[in-house]
Amino acid sequence: MPQRETPGNGAMEVGQVYERTTEPIQSTGGFCNLGYFSRKRCIAKVLEVVFSFLAFVLEEVVAICNVCHALYFFEFVSCSAFFLTLLLLIILGTSLRQKVDRIDWKKVDIFYTAVIALFFVIASIVFAAKNGGSDLEKAAVAFGFLASFAFVVDAVLYLIEEKWSTSRKETGPPETTRSSENVKGETDPLNDPATVPV
């Protein structure tokens with residue numbers, strides 16, 4: 001005969017009738033979860049943040065501008081790229097990504113990376129063509145092109161990895177299909193009267 005648990009002792013007795021049927025939720029490994037990125041893409045993301053930050057800082061130190069709208073456009077793009085890429089890196093590289101699971105982060109990642117790459121290339125070309133020729137401006141342009149290159153590499157790596165993972169799924173084992181003779185309709189009885197156990 002199964003033993004009863006006495007109130008207050010909190011221990012499970014041997015031979016108890018009902019045992020725990022659910023398992024506790026496993027931890028996701030803490031706050032930092034870089035499993036979203038491959039090693040190459042993680043390096044590219046960090047380089048994007050560093051290069052765009054350096055381009056922004058060097059552009060901010062420029063005291064006099066000949067064609068200021070080129071400088072302001074470069075400032076806007078480099079500052080936006082730095083802060084938004086850092087934010088995206090934090091979200092995708094931590095457990096925050098699972099907390100906001102209604103967003104398709106893969107689409108956000110590739111769309112953002114491609115758009116920023118395009119804007120950074122344009123801003124760097126415009127600023128390279130229309131600057132005062134100071135060493136700070138040349139250095140800012142150089143880091144702008146390096147950041148542009150990092151964004152382009154990141155986008156290309158993303159596309160290569162997605163194509164590789166898609167081709168792996170297509171070469172997997174074929175799915176089995178049910179034949180229609182084994183599947184009963186919704187209105188058919190589940191048990192034939194002749195096979196009902198007595």
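## Nonpolar surface patch

In this predicted model, Val46, Val50, Phe53, Leu54, Val57, Val61 and Leu136 make up a nonpolar patch on the surface, with about 480 Å² of accessible area together. Such patches take residues with over 30% relative accessible area and no salt bridge, nonpolar side chains (Val, Leu, Ile, Met, Phe, Trp, Tyr) being joined within 5 Å and like charges within 9 Å; areas follow the Shrake-Rupley method with a 1.4 Å probe, and for residues only the protein chains shown count as cover.

Helix 1 (residues 39-61) gives the most to this patch, with six residues; helices are DSSP runs of H or I with at least four residues, numbered from the N terminus. Val57 lies in helix 1 and counts as partly exposed because its relative accessibility is 32% (buried is under 20%, exposed over 50%, partly exposed in between).

## Salt bridges

The whole structure holds six salt bridges, each a side-chain nitrogen of Lys or Arg within 4 Å of a carboxyl oxygen of Asp or Glu. Lys45 pairs with Asp109, the closest N and O atoms being 2.9 Å apart. Lys45 lies in helix 1 and Asp109 in helix 4 (residues 105-129), so this pair ties together parts 64 residues apart in sequence.

Lys45 also forms a salt bridge with Asp154, at 2.8 Å between the closest N and O atoms. Asp154 belongs to helix 5 (residues 135-170), so the pair links parts 109 residues apart in sequence. Lys45 is buried at 1% relative accessibility, Asp109 at 0% and Asp154 at 0%.

## Basis of the values

Residues are numbered from 1 along each chain as its sequence is written, and side-chain values use heavy atoms, leaving out hydrogens and water. Local features need pLDDT of at least 70 and side-chain atom pairs count only at pLDDT 80 or more, whereas totals for chains, interfaces and linings use all residues.

Conventions
Helix = DSSP H or I, 4+ residues; strand = E, 2+ residues; numbered from the N terminus. Buried < 20%, exposed > 50% of the residue type's maximum accessible area, 1.4 Å probe, protein only.
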